[in-house]
Amino acid sequence: MPQTIAIVGANLAGGRAAAALRQSGFEGHITLIGEERWPPYERPPLSKEVLWDNGNLPETFFLQDEAWYSENRIDLRLGARAESLDLAGGAVTLQNGSSIKADRVLLTTGGAARRLPLAGADAPNVHHLRTKDDADHLAKALVAGARIVVIGMGVIGAEVAASARKAGCEVVAIEPAPVAMVRTIGERFGGWLSRQHSARGVDTRFGIGVEGLALDSNGRVAAVNLSDTTQVTCDAVVVGIGIVPAVELARDAGLAIGNGIIVDKQCSTSNPHVFAAGDVAEQPDFFGGRTRLETYQNAAEQGAAAAAAMLGQKPDFCKPCWFWSDQYDINLQVTGRINDSADVIVRGDMDSEQFTALFLNQDVVEGVITINRPADMGVGKRLVERRIAVSHSIAADDTAPLRTLLAPPAKET
């Protein structure tokens, strides 16, 4: 059993790991190291409530109050950057030169918002959304009547566009792909979501890239130049084009790196004393191969699984993706594999803004999308996790409860 554990990354995955260690009875020393000045918090509100509610935080924003860390004897180091790992000596060196002894190290370093490779991309009115401070800064720009250009209509860009409209801003959304959130919900349902944004006043420009940023005399972006030769004036720009996983510590220590820090189902890296979890971990994919998941569910559950692994248990962490997104009055949830070439069954009316889509590989449900049907997702996750084969006729019958599909179809005689 380890006596000292260092967790590098005071975020959801790191915070859940620290809590799980204590809940499992670990009595040794835990150090939780975070670059931000805030204790671990939940990121989903950053693109929603924090933006439209003048920077106010929901009551459940922080994972724990500050007293919890001292009560649970967790050495919380905030505003501290880990500089290197000493694998031979069993220590983490911080930027200030101090060294933290650790029998086990958990890397939950997450990632940094990807920047535009353009001149002017560091202008003061160009925003990214990754941290609480980012959200606080952006919230001040989202005033009624402001003209906001959102570059990238993935999950974050789409949520910011919705929040900016709720705040009374004019919004122009730029996306090189043909529809919103195409990587996560495919072209058909991405097209549906794109139409929802347009219907709510977002000026959507799909299939168009950004060529340059035009600055004013104060060094602020005054307009965005697009690949179709048009120019969009703006008061602020929000860039939502993904994240770059923070693999520097692992890479410099000689750990195996791919599209993130490579881990197995026990969250173990190529060094048996170092583990990784959350957005930075490249892990086994539920459907085969490898993947890196940037979801709340994965960070929370993998952080807890890593804690178990560091204590000598053998978790088998390999789950299908699940995430949700709230945009306007739309609650969108996704689980499993969304494939445009799959056989898709839609339960309900897409025009009613309440429906469920099942993605089938032959008869097996491999993916589910729900729109304003959260109860269906509870069943949908079980269908995907259990790789259940379903009757197409029953699946298509929206009068039959979705849970009916959890029972194996009757054999035809």
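Accessible areas here come from the Shrake-Rupley method with a 1.4 Å probe, and for residues only the protein chains shown count as cover. By that method the protein chain exposes about 17,900 Å², with carbon and sulfur atoms supplying 47% of it. This is a predicted model: local features need pLDDT of at least 70, side-chain atom pairs count only at pLDDT 80 or more, and totals for chains, interfaces and linings use all residues. Residues are numbered from 1 along each chain as its sequence is written, and side-chain values use heavy atoms, with hydrogens and water left out.

**Overall build**

- The protein chain holds ten helices and 27 strands. Helices (H or I, at least four residues) and strands (E, at least two) are DSSP runs, numbered from the N terminus.
- The C-alpha trace spans about 75 × 60 × 35 Å along its principal axes.
- Buried residues make up 54% of the 413. Buried means under 20% relative accessible area, exposed over 50%, and partly exposed in between (1.4 Å probe, protein chains only).
- Of the contacts with a separation of 6 or more, 60% are between residues 24 or more positions apart. Contact means heavy atoms within 4.5 Å.

**Charge**

- The protein chain has 39 positive and 50 negative side chains. Lys and Arg count as positive, Asp and Glu as negative; His and the chain ends are not counted.
- The centres of the two sets lie 3 Å apart. Each charge is placed at NZ of Lys, CZ of Arg, CG of Asp or CD of Glu.

- Strand β26 covers residues 354–361, and six of its eight residues are buried, so the rest of the structure largely encloses it.
- Strand β25 (residues 343–349) runs antiparallel to β26, joined by seven bridges. Two strands pair if DSSP finds at least two bridges between them.
- Asp349 stands opposite Gln354 of β26.
- Four residues separate β25 and β26 in their hairpin, and Glu353 in the turn has a positive phi of about 65°.
- β26 also pairs with β27 (residues 364–371), again antiparallel and over seven bridges. Here Phe359 has Gly367 of β27 as its bridge partner.
- The hairpin of β26 and β27 has two residues between the strands, and Gln362 takes a positive phi near 60°.

**Loop residues with positive phi**

- Cys267 has a positive phi of about 65° although it is not a glycine. Cys267 sits in the loop between β19 (260–262) and β20 (274–276). Its relative accessible area is 1%, so Cys267 is buried.
- Asn372, also not a glycine, has a positive phi near 55°. The loop between β27 and α9 (374–385) contains Asn372. Asn372 counts as partly exposed, at 22% relative accessibility.

- Gln327 belongs to strand β23 (residues 322–327). Gln327 is buried, with a relative accessible area of 1%. Not counting residues up to four places away in sequence, Gln327 touches Ala158, Glu159, Ala162, Met181, Leu193 and His197.
- Arg37 lies in the loop between β2 (29–34) and α2 (49–52). Arg37 counts as exposed, at 54% relative accessibility. Leaving aside neighbours within four places in sequence, Arg37 is in contact with Leu78, Gly79 and Asp133.
- The C-alpha atoms of Arg37 and Glu211 are separated by 35 Å, with the two residues 174 apart along the chain.
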